[in-house]
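Here is a short briefing on one protein chain. Look through the sequence and the structure first, then work down the points below.

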Amino acid sequence: MADKRTKRPWEATRRALAGELGEIDGVLPGSVVVRRMRCGKSGCACHDDPPTLHGPYIQWTRAIGGKTLTRYLSEEELARYQPWFDNARRLKEIAAKLEIASLHALEIERATKTGTPIPRDDPTSRVTRRRSTTRDA
Ligand SMILES: [Zn+2]
């Protein structure tokens with residue numbers, strides 16, 4: 001494909017990451033833990049050797065407004081929604097990579113424009129200090 005546009009730095013990487021983002025069609029928050037447990041009843045099979053534990057109990061935990069909410073999922077539900085739990089992690093990874101690629105692009109474009117590479121202690125990499133006098137250009 002002939003593309004006459006001027007490529008911007010890190011464009012291939014950024015487009016590839018954007019494409020990966022486009023594949024994400026469901027995201028569920030929180031974490032899932034599968035537990036098998038013993039009960040308190042002596043003589044229950046869960047106390048045998050080897051034990052037949054109760055469960056699995058599939059605990060889905062997430063934070064809502066500072067509180068922890070726990071719900072249980074069936075094995076069927078876990079199989080159905082596992083990809084959406086995986087997507088949550090994937091989304092964060094892709095977003096982090098996209099951020100890095102974009103930062104590189106900015107640095108390259110800026111260095112190209114000014115003809116000087118950005119020094120390590122560039123003020124744009126710090127939190128801007130508030131000035132007492134604000135001047136709008
Ligand atoms: Zn038991």
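Predicted model: local features only at pLDDT ≥ 70, side-chain atom pairs only at ≥ 80, totals over all residues.

The protein chain has two helices and three strands. Along the sequence they follow the pattern α-β-β-β-α.

**The sheet**

- The three strands form an open sheet, in the order β1-β2-β3. Their pairing is antiparallel.
- β1 and β3 stand at the edges, and each has a single partner strand, so one side of each is left without a neighbour in the sheet.
- On average, neighbouring strands of this sheet are turned by 30° against each other, direction ignored.
- What holds paired strands together in general? Strands of a sheet pair through backbone hydrogen bonds, either parallel or antiparallel.

**Pairing of β1 with β2**

- β1 covers residues 31-37, and β2 covers residues 54-64. Six bridges join these two antiparallel strands.
- Ser31 has Thr61 of β2 as its bridge partner.
- Met37 is paired in the same way with a residue of β2, and its bridge partner is His54.

**Pairing of β2 with β3**

- β3 covers residues 67-73. Seven bridges join β2 to β3, and the two strands run antiparallel.
- Gln59 stands opposite Tyr72 in β3.
- How many residues lie between the strands in the hairpin of β2 and β3? There are two. In this hairpin, Gly65 takes a positive phi near 55°.

**A closer look at Ser31**

- Ser31 lies in strand β1.
- Which residues does Ser31 touch, leaving aside neighbours within four places in sequence? The contacts are Gln59, Trp60 and Thr61.
- Ser31 and Thr70 are 39 residues apart along the chain. Their C-alpha atoms are separated by 9.7 Å.

**The two helices**

- Helix α1 covers residues 11-22, and helix α2 covers residues 75-114.
- The helices pack at an angle of about 160°, with their axes 10 Å apart.
- Angles over 145 degrees count as roughly antiparallel, and α1 and α2 are therefore roughly antiparallel to each other.
- The crossing of α1 and α2 is left-handed.
- On the α1 side, the contact is made by Thr13, Arg14, Leu17, Glu20 and Leu21.
- On the α2 side, the contact residues include Arg90, Leu91, Ile94, Lys97 and Leu98. Ala101, Ser102 and Ala105 of α2 also take part.
- Which classes of residue make up this contact? The contact of α1 with α2 has seven nonpolar, two polar and four charged residues.

**The chain as a whole**

- The protein chain has 137 residues, and buried residues make up 15% of them.
- Take the contacts between residues at least 6 apart in sequence: 51% of them join residues at least 24 apart.

Technical notes: Residues numbered from 1 in each chain as written. Heavy atoms only, no water. Axes fitted to C-alpha atoms, helices over the stretch in contact; angles between N-to-C directions. Helix = DSSP H or I, 4+ residues; strand = E, 2+ residues; numbered from the N terminus. Parallel < 35°, antiparallel > 145°, perpendicular 65-115°, else oblique. Left-handed = near helix turned anticlockwise from the far one by under 90°. Contact = heavy atoms within 4.5 Å. Nonpolar A, V, L, I, M, F, W, Y, C, P; charged D, E, K, R; others polar. Pairing = 2+ DSSP bridges. Buried < 20%, exposed > 50% of the residue type's maximum accessible area, 1.4 Å probe, protein only.
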